[in-house]
Amino acid sequence: MKRARPALVALAILGCATVFGASAQEEGPIFEPKIPQRQSWSFAGPFGIYDPAQLQRGYKIYREVCSTCHSMTEMRFRNLADPGGPEFSEGQVLALAADYKVQDGPNEQGDMFERAGRPADPFPRPFANEQLAKLANGGALPPDMSVLAKARSYERYDWFPADVAYALWGMVTQYQTQGPDYISALLQGYVDPPKGFTLVPGQNYNEVFAAGNGIIAMPKPIQDGQVEYPKGPDGKPVVPETVAQYSKDVAAFLMWVAEPKLDQRKRLGLEVLIYLLVGACLMYLVKKRVWAGAHA
């Protein structure tokens, strides 16, 4: 009996391995999200500022592609003319707003009516309520994009102490563009699923979307050449009309939407630092002057 025990243990181990292997095959391959790469942004770092031309292109992407599903409730058309933003002219803002029909009222007869949009109007919502939004998107609710660039991020390392060291290094380098990096990578992350990865109708595979283990309800929103960019003197687009460029431009625009006063904040911070530096120098010179006799 004692000699039979090792054989029984071996058979039990083999049986467990077979069961676990079968269940792993049924569940499919394990999803490992692709880590977004750091992009070069004009607004990165302590002295970075927004590029108005890029923000204008990003707004064009949002207007022609994203706004069909995503709202942006915190923005009004007049904000597009604010300093430090896309800096559209007043005439351009009037024209952009007038392209939309806005329900207003009631009038003197108590009836609601439609009118052309005005700069003071908020960006129109694609759906009247959340229920209609879910119904039109297969049960998924498209998130509002007002603060999306600040709400989305990613972890390059998920184990200690690498995660702590990376966070400290981000403080030293003042790395604050995780959101735009993530959004840009997500829009470019639509690829064919790996072998054995099962998708049901209405699902799409994205190699960056860790929250859904690679499964995302939003289909690939944009293709090369889908949006026409302004042309230069030679008749060619000022920047490439590619998914990579589209993704970067709309990510920059969403960063401005989430933090529209970034330029002013950085400028004020620099002025305060200069003021404190000058004040410290004056205080030191005064101290040397007042205590010169005592030191002598």
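Tutor: What follows is an account of helix H8 and of the core to which helix H8 contributes. The model is predicted, and local features need pLDDT of at least 70, side-chain atom pairs count only at pLDDT 80 or more, while totals for chains, interfaces and linings use all residues. Residues are numbered from 1 along each chain as its sequence is written, and side-chain values use heavy atoms, with hydrogens and water left out.

Helix H8 covers residues 243-258, and its 16 residues reach 22 Å from the first C-alpha to the last, close to the 22 Å expected at 1.5 Å a residue; the expected span is 1.5 Å times one less than the number of residues, and helices are DSSP runs of H or I with at least four residues, numbered from the N terminus. Because 14 of its 16 residues are buried, helix H8 is largely enclosed by the rest of the structure, where buried means under 20% relative accessible area (1.4 Å probe, protein chains only).

Val-257 lies in this helix and is buried, with a relative accessible area of 6%. Setting aside residues up to four places away in sequence, Val-257 touches Met-72, Met-75, Met-145 and Ser-146, contact meaning heavy atoms within 4.5 Å.

Ser-184 is buried at a relative accessible area of 1%, and, leaving aside neighbours within four places in sequence, Ser-184 is in contact with Trp-41, Ser-247, Lys-248 and Ala-251.

Of its 39 residues, Tyr-59, Met-72, Leu-80 and Phe-253 touch the most other members. Helices H2 (52-64), H3 (90-98), H5 (148-151), H7 and H8 are the elements that give two or more residues to this core, and the largest share, 11 residues, comes from H8. Leu-80, with neighbours within four places in sequence left aside, is in contact with residues including Tyr-59, Phe-123, Phe-253 and Trp-256. A second, separate core of 10 residues includes Tyr-154, Tyr-175, Phe-209 and Ile-216.

How values were computed:
Buried < 20%, exposed > 50% of the residue type's maximum accessible area, 1.4 Å probe, protein only. Core = buried A, V, L, I, M, F, W, Y, C linked by side-chain atoms within 4.5 Å.
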